[in-house]
Amino acid sequence: MATATTPPAPPRLPAGTAPAAQGSEPIRVRDLDTRLLLTFRAVAAEGTFGRAATRLGYTQSAVSQQIAALEKVLGADVFDRPGGPKPVQLTPLGGLLLERTQDLLAILESIATDVQHYRTGDLGRIDVGTIQSISTALLPTILRRMKAERPGLDMRLEERYEETELIDRVLAGDLDLTFLVNGDAPALQRIDVLVDPYVVLARAGDVGPGAIGVQRLAAGPLIGQVASTCQDDIDDKLRAAGCDPDYVFRSADNGVVISMVRAGLGLALLPRLAVLDELDDPRLAIRTLDPPIPARVLRLAWRRDRELSAAAARFRTIAIEVAAELGHRHPILSPNVA
């Protein structure tokens with residue numbers, strides 16, 4: 001007597017893998033061409049190949065070929081075609097595909113919109129390096145204009161006391177562009193935006209009217225910045241003019257230096273940009289230096305080998321405009337015209 005045998009169990013498929021139909025090939029994601037899906041969506045929305053062709057700017061035969069190509073990839077029809085003037089109808093597979101396609105195409109259209117906004121500078125992020133006097137005198141106006149034009153733009157600022165650190169940050173790709181004072185490097189592209197002369201700051205009543213001579217500075221006492229590349233440059237220029245500076249106090253904060261001058265501790269030599277908020281303070285006297293030492297040059301710099309984004313390029317343009325306006329409002333601050 002023959003005994004029944006148990007047929008072998010079918011092989012187990014990896015989790016998440018659907019069994020392929022008899023004789024069918026697995027569908028590859030790369031074969032689901034976005035153009036085919038867009039044409040499919042248009043036919044589903046319009047109901048006929050002819051109206052979909054008009055909507056897409058194709059010929060009707062091109063639409064038919066694309067739907068046929070899509071159905072070949074899927075291995076089944078997505079439309080029932082009754083023929084004649086009657087509209088096509090979605091098959092069950094077509095209904096499933098339309099539901100999922102709507103989500104996918106919405107994401108792709110959102111990506112395309114975001115990329116376009118990035119290309120025009122309306123979206124994305126820029127990182128800008130700055131120094132103290134730029135942060136207080138120029139950046140607020142620049143940022144207000146940028147925000148008004150591009151409210152969706154993410155702007156990050158990084159202030160450093162030593163500008164060599166800002167140069168390193170730009171060269172490393174951490175900053176898109178940076179403000180510098182006289183600074184430069186072979187790998188940087190730069191543009192000068194403002195010539196910023198130095199002025200003497202004193203307590204009102206401690207000095208007379210008119211310019212202050214270099215020898216008066218040499219007599220001291222002086223208040224200065226903490227040692228840095230910029231302060232070293234000032235000291236070198238003073239020595240070249242015949243003044244060996246003797247500081248009784250140093251600070252990294254311009255506001256602290258100004259407060260000490262206001263208190264009568266001594267005189268300070270500061271760039272005019274650093275004292276703009278003090279021009280109407282009756283407790284202070286702001287005077288030119290005679291003879292003047294060479295002014296500092298404020299510039300914007302970015303990597304020579306990297307093209308600025310649209311947003312960063314617009315920031316540069318606005319910064320130049322704001323610096324020029326500031327220079328015209330305060331004649332001792334002359335905008336760079338080279």
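Which backbone oxygen does the side chain of Thr 101 reach?

## Thr 101 and helix H4

In this predicted model, the side chain of Thr 101 reaches the backbone oxygen of Leu 97, at 2.6 Å. Thr 101 is part of helix H4, and with a relative accessible area of 3% it is buried. Leaving aside residues up to four places away in sequence, Thr 101 touches Leu 37 and Phe 40.

Helix H4 spans residues 92–120 and also holds Leu 104. Leu 104 is partly exposed, at 38% relative accessible area. Together with Ile 107, Leu 108, Ile 111 and Val 115, Leu 104 forms a nonpolar patch on the surface, and these residues share about 400 Å² of accessible area.

Glu 158 sits in strand E4, which runs over residues 153–159. Beyond residues up to four places away in sequence, its contacts are Val 128, Gly 129, Thr 130, Leu 166, Arg 169 and Leu 175.

One of these contacts, Arg 169, is also a salt-bridge partner of Glu 158, with an N to O distance of 2.9 Å. Arg 169 belongs to helix H7 (residues 163–171) and Glu 158 to strand E4, so the pair ties together parts that are 11 residues apart in sequence. Arg 169 is partly exposed, with a relative accessible area of 25%. The pair belongs to a network of salt bridges that links Glu 158, Arg 160, Glu 165, Arg 169 and Asp 174.

## Other salt bridges

Side chains of opposite charge can pair when their charged atoms come close. Across the whole structure, a search finds 25 salt bridges. Among them is the bridge between Glu 149 and Arg 314, whose closest N and O atoms are 2.6 Å apart. Glu 149 lies in helix H6 (residues 139–149) and Arg 314 in helix H11 (residues 310–329), so this pair ties together parts that are 165 residues apart in sequence. Glu 149 is partly exposed at 37% relative accessibility, and Arg 314 is partly exposed at 23%.

Arg 125 and Asp 127 also meet through their side chains in a salt bridge, at 3.0 Å from N to O. Here Arg 125 is partly exposed at 43% relative accessibility, whereas Asp 127 is buried at 14%.

## Cysteines

How many disulfides does the count come to? The count is 0. As for individual cysteines, Cys 230 is partly exposed, with a relative accessible area of 25%, while Cys 243 is buried at 1%.

Note on methods:
Residues numbered from 1 in each chain as written. Predicted model: local features only at pLDDT ≥ 70, side-chain atom pairs only at ≥ 80, totals over all residues. Heavy atoms only, no water. Patch = residues over 30% accessible without salt bridge, like charges linked within 9 Å, V, L, I, M, F, W, Y side chains within 5 Å. Areas by Shrake-Rupley, 256 points an atom, 1.4 Å probe, with all protein chains shown as cover. Salt bridge = Lys/Arg side-chain N within 4 Å of Asp/Glu carboxyl O. Helix = DSSP H or I, 4+ residues; strand = E, 2+ residues; numbered from the N terminus. Buried < 20%, exposed > 50% of the residue type's maximum accessible area, 1.4 Å probe, protein only. Polar contact = N/O pair within 3.5 Å; in protein donor to acceptor, adjacent residues only side chain to side chain. Contact = heavy atoms within 4.5 Å. Disulfide = S-S within 2.5 Å.
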